[in-house]
Amino acid sequence: MIELLPEKIKQHILNTVNNQFKKDPDRISVTEILYCLRKAYLRRINPKPIPLNQAWRIYIGTIIHRDLERLYDDEDKKFEIPIYNTGAVLVGKYDILDGDTIYELKVVDDNYDYFLSKNGPSKEYVEQLQFYMHNKKKKGKLAYLMHKKVKIIDVDSKDFDINKLLRRALILWEAIKEKKPPGKTLSKWQCKTCEYKEECMKLG
Ligand code: SF4
């Protein structure tokens, strides 16, 4: 029960997590455009505080990332790709470069292993890693960090198309600029846990 933690700790967790999500309208993060663009838009124009339960999971991931990334002296892990001629940029930052391989760390629950064995890595995580591999010209592995085990999955970038991401970044950037929501996602599973269901329904 995270709620039972002292108020000071809960506040620290919430502040740490919520401060990560403040964004410049001319900088679109690659992680924003992997999922529903309407949700990404609503998160920009009407950000909601992240509930404590969700913040706790993000916080644990943040601590693990911070600690492991510290092992590598790497000043060159951020990318900025122009979104065509808009003046805006698509930005991203990989987690770890070890030798010739980028490791994208995913901190997940133990029961995620069942999903992984059945379905393989999600196409969104693969695309995110391919973006880094494309920019850095390196190999890539997804590293799923669970409580009881670690699973490493090789990713190749042969079917990667940077323009697919740039087009999505452009849609989101224009939507933010014009305050006009993009269309809904076709992946209905994303709607199940979406915090903007109500707003989305009103938009039609
Ligand atoms: S309810 Fe579904 S379509 Fe609407 S914003 Fe959320 S994820 Fe997107």
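User: At what angle do H2 and H6 pack, and how far apart are their axes?
Analyst: In this predicted model, H2 and helix H6 (residues 162-178) pack at an angle of about 40 degrees, and their axes are 10 Å apart. H2 is therefore oblique to H6.

User: Is that crossing left-handed or right-handed?
Analyst: The crossing of H2 and H6 is right-handed.

User: Which residues make the contact?
Analyst: H2 contributes Leu37, Ala40, Tyr41, Arg44 and Ile45. From H6 come Arg168, Ile171, Leu172, Ala175 and Ile176.

User: And how do those residues divide by class?
Analyst: The contact of H2 with H6 has eight nonpolar residues, two charged and no polar ones.

User: Turning to the ligand, which helix gives the most to the shell around it?
Analyst: H2 does, with three residues. Helix H2 (37-45), helix H7 (188-192) and helix H8 (197-203) each supply at least two residues of that shell.

User: Which residues are around the ligand?
Analyst: They are Cys36, Arg38, Lys39, Leu42, Lys184, Thr185, Gln190, Cys191, Cys194, Tyr196, Lys197 and Cys200. By class, the shell comprises six nonpolar, four charged and two polar residues.

User: Now the strands: do E4 and E5 pair in the parallel or antiparallel sense?
Analyst: Strand E4 (residues 96-98) and strand E5 (residues 101-107) pair in the antiparallel sense, over three bridges. Leu97 has Ile102 of E5 as its bridge partner.

User: What is in the turn between E4 and E5?
Analyst: The two strands form a hairpin with two residues between them, and Gly99 in the turn has a positive phi of about 65 degrees.

User: How many bridges join E5 and E6?
Analyst: Seven bridges join E5 and strand E6 (residues 139-145), which pair in the parallel sense. Thr101 has Lys139 of E6 as its bridge partner.

Key:
Residues numbered from 1 in each chain as written. Predicted model: local features only at pLDDT ≥ 70, side-chain atom pairs only at ≥ 80, totals over all residues. Pairing = 2+ DSSP bridges. Helix = DSSP H or I, 4+ residues; strand = E, 2+ residues; numbered from the N terminus. Near = placed C-beta within 6 Å. Nonpolar A, V, L, I, M, F, W, Y, C, P; charged D, E, K, R; others polar. Axes fitted to C-alpha atoms, helices over the stretch in contact; angles between N-to-C directions. Parallel < 35°, antiparallel > 145°, perpendicular 65-115°, else oblique. Left-handed = near helix turned anticlockwise from the far one by under 90°. Contact = placed C-beta atoms within 7 Å.
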